[in-house]
Amino acid sequence: IGNTVKIPLIRKPAKWFISKLANYLSEKKIPDLNSGMRLFKKEVYQHFIRILPNGFSFTTTITLALLINDYKIKYIPINYHKRKGRSKIRPIQDTLNFVQLIIRTVMYFNPLKIFLPFSLVFFISGLGFLIRDIMMLNLAQSSILLIITGALILSIGMLSDLINKKL
């Protein structure tokens with residue numbers, strides 16, 4: 001992002017969240033995920049063509065695909081001036097679509113990055129409830145169910161990762 005940036009206030013929280021999510025999932029700092037300005041070789045495009053969508057999400061997908069696959073990216077600051085006319089972006093629907101796109105793209109290349117945190121949440125919650133239940137001498141099924149759910153999510157993630165590495 002350049003020195004002159006005119007992003008409407010209503011879009012800033014969504015852009016911040018999407019940016020943080022993409023940075024976390026790609027394990028790289030992405031200065032401007034949504035910029036439409038991209039330059040890359042035709043061979044790179046052809047390598048990822050099977051996963052690239054049409055429309056707004058093309059640039060987000062190609063950026064994430066390149067980062068996750070350790071391509072070197074050089075960022076050049078771009079100024080954003082106030083838009084003339086109306087934007088086609090729908091704040092809520094497009095934010096949800098971008099979050100879904102980021103998660104889908106990362107799952108395609110690194111499924112454990114998505115499945116492992118969810119698995120840990122269920123597993124740790126289950127252990128917490130189990131400890132509470134043991135201390136209260138009242139073992140409930142919910143703690144066991146949470147632990148099993150965590151194990152199942154981790155198993156699915158590991159299978160996804162194995163399939164991904166084999167392809």
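Author: A nonpolar core is a set of buried Ala, Val, Leu, Ile, Met, Phe, Trp, Tyr and Cys residues joined through side-chain atoms within 4.5 Å. The model discussed here is predicted.

Reader: Which residues touch the most other members of the largest nonpolar core?

Author: They are Leu 33, Phe 48, Leu 64 and Ile 102, in a core of 23 residues. At least two residues of this core come from each of α1 (12–26), α2 (42–48), α3 (57–68) and α4 (91–109).

Reader: What does Ile 102 touch, not counting residues up to four places away in sequence?

Author: Ile 102 touches Ile 18, Leu 21, Ala 22, Leu 25, Leu 33, Thr 60 and Leu 64.

Reader: Why does Ile 124 count as exposed?

Author: Exposed means over 50% relative accessible area. Ile 124 has 55% relative accessibility and therefore counts as exposed. This residue is found in helix α5, residues 112–135.

Reader: Which residues form a nonpolar patch on the surface with Ile 124?

Author: Leu 116, Leu 120, Phe 123 and Leu 127 form the patch with Ile 124, and together the five have about 420 Å² of accessible area.

Reader: Which residues of α5 are buried, and what do they pack against?

Author: Lys 113, Ile 114, Phe 115, Ser 119, Gly 126, Leu 130 and Asp 133 are the buried residues of α5. They pack against α1, α4 and α6 (141–166).

Reader: How do you know that the span of α5 agrees with its 24 residues?

Author: At 1.5 Å a residue, α5 should span 34 Å; its end C-alpha atoms lie 33 Å apart, and therefore the two values agree. Just after α5, Leu 137 has a positive phi of about 55°.

Technical notes:
Residues numbered from 1 in each chain as written. Predicted model: local features only at pLDDT ≥ 70, side-chain atom pairs only at ≥ 80, totals over all residues. Heavy atoms only, no water. Patch = residues over 30% accessible without salt bridge, like charges linked within 9 Å, V, L, I, M, F, W, Y side chains within 5 Å. Areas by Shrake-Rupley, 256 points an atom, 1.4 Å probe, with all protein chains shown as cover. Salt bridge = Lys/Arg side-chain N within 4 Å of Asp/Glu carboxyl O. Helix = DSSP H or I, 4+ residues; strand = E, 2+ residues; numbered from the N terminus. Buried < 20%, exposed > 50% of the residue type's maximum accessible area, 1.4 Å probe, protein only. Contact = heavy atoms within 4.5 Å. Expected span 1.5 Å × (residues − 1).
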